[in-house]
Amino acid sequence: MNEKKLLSEKQSGFRSGRSCVTALADVTEDLRKAQDDNQISFLVLLDHSRAFEAVDPDIFCCKLPVLYAFSNSATSLIHSYLNNRSQVVCVQQRSSNALPIKRGVPQGSVLGPLLFTMYINDLTNVVENCGIHIYADDVQVYLHCSPHCISEGVRLLNVDLNNIQKWADKNRLILNPSKTKCMTISPQSFDQNSIPDILINNCKIELVENAKNLGMVVDKTLSWNVHINRAIGKVYGMLRILWPLQSFIPFNIRLLLCKAYLIPALTYGCELFSNCDSIHNRKLNVIFNNIARFVFGKGRRDHISAFSI
């Protein structure tokens, strides 16, 4: 797949050198460029219901020779791998009767994520007017337009969303309109009530101020302030639990807790928010200082300049 470059450049899931952060960077930089050009952007975050469990083996095997030039024998091998599987539930050394699994890729398998990536890869081909980026079953669709052409921009966006819905129906994947969100990203404020309905499966998509996307909270200003505040709040919550136990936890365990839970919660996606404003930069400095005080057994007001994690 990699040697023949058969996967779309807009598909980042389970691929070497591509992560949630690089996928977010790709989309948000496009949105920033549109901001600089005084354009309005619509970012739609699509939600699939149980996508990995919905893969149809017969549809998938029809794609293999057409999209990926698989031979008949290779296609038969994959078909055999996906079919005639069953599952049981085990509780306290007792097992249920086996039931057949008619759809989906094997959960927890090494091959499963790649097969799902191949299954959803041709989704990029049905988008005509918008930008798109896929990470596993998380799909970001976005479109830029002039502030004077909002109605036309929404019309083009709805055309692509309708194409995506048709693709999902054809591939037996289920889009969940109630969990799908849309944000308007604009260099200037404007009346959002003037925006025509953005639809998928004839259901109106909710317009939101911010939304969680690939583990980060994206807001309509692309400032990442909401994400930073939530991450800091999460770490303070963990510190409030850990601090009374500080004197009972050995130094090496405190350091392990810091590196495994506290710092990752703050640094995830830091490539994107490293240029945050001075207020949030100071908030991050304060929380990192408090983490250092916890690790080195210092009081809440002790200086920690001489210590590093």
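Me: Helices (H or I, at least four residues) and strands (E, at least two) are DSSP runs, numbered from the N terminus. A pocket, on a 1 Å grid over the protein atoms alone, is an open set of points where a 1.4 Å probe fits, with protein on both sides within 12 Å along at least five of seven lines; lining residues have an atom within 4 Å of a point. Which element gives the most to the lining of the second largest pocket?

Reply: This is a predicted model: local features need pLDDT of at least 70, side-chain atom pairs count only at pLDDT 80 or more, and totals for chains, interfaces and linings use all residues. Residues are numbered from 1 along each chain as its sequence is written, and side-chain values use heavy atoms, without hydrogens and water. At least two lining residues each come from β13 (216-219), α6 (225-242) and α7 (251-267). The top contributor, with 4 residues, is α6.

Me: What is the volume of the largest pocket?

Reply: A volume is the space filled by probe spheres set on the grid points, which are joined across faces, edges and corners. The second largest pocket comes to about 210 Å³. For the largest pocket the value is about 280 Å³.

Me: Which strand gives the most to the lining of the largest pocket?

Reply: This pocket has 13 lining residues, with E53, Q87, I101, R103 and G104 nearest its centre. They divide into 4 nonpolar, 4 polar and 5 charged. With 3 residues, the largest share comes from β2 (residues 85-87).

Me: Why does the length of α5 agree with expectation?

Reply: The expected span of a helix is 1.5 Å times one less than its number of residues. Helix α5 (residues 150-170) has 21 residues, so it should span 30 Å. The length agrees because its end C-alpha atoms are apart by 30 Å.

Me: Which helices do the buried residues of α9 pack against?

Reply: Helix α9 (residues 278-295) reaches 26 Å from first C-alpha to last, close to the 26 Å expected. Its buried residues include L284, I287 and F294. Their packing partners are α6, α7 and α8 (270-273).

Me: Is K10 buried or partly exposed?

Reply: K10 lies in the segment before α1 (20-36). Its contacts (heavy atoms within 4.5 Å), leaving aside neighbours within four places in sequence, are D26, T124, I132, H133, I134 and Y142. I134 is 124 residues away in sequence but 6.1 Å away C-alpha to C-alpha. Because its relative accessibility is 29%, K10 counts as partly exposed.

Me: What percentage of the residues in the protein is buried?

Reply: The protein has 9 helices and 13 strands. Its C-alpha trace spans about 70 × 65 × 40 Å along the principal axes. Of its 309 residues, the buried ones make up 44%.

Conventions: Nonpolar A, V, L, I, M, F, W, Y, C, P; charged D, E, K, R; others polar. Buried < 20%, exposed > 50% of the residue type's maximum accessible area, 1.4 Å probe, protein only.
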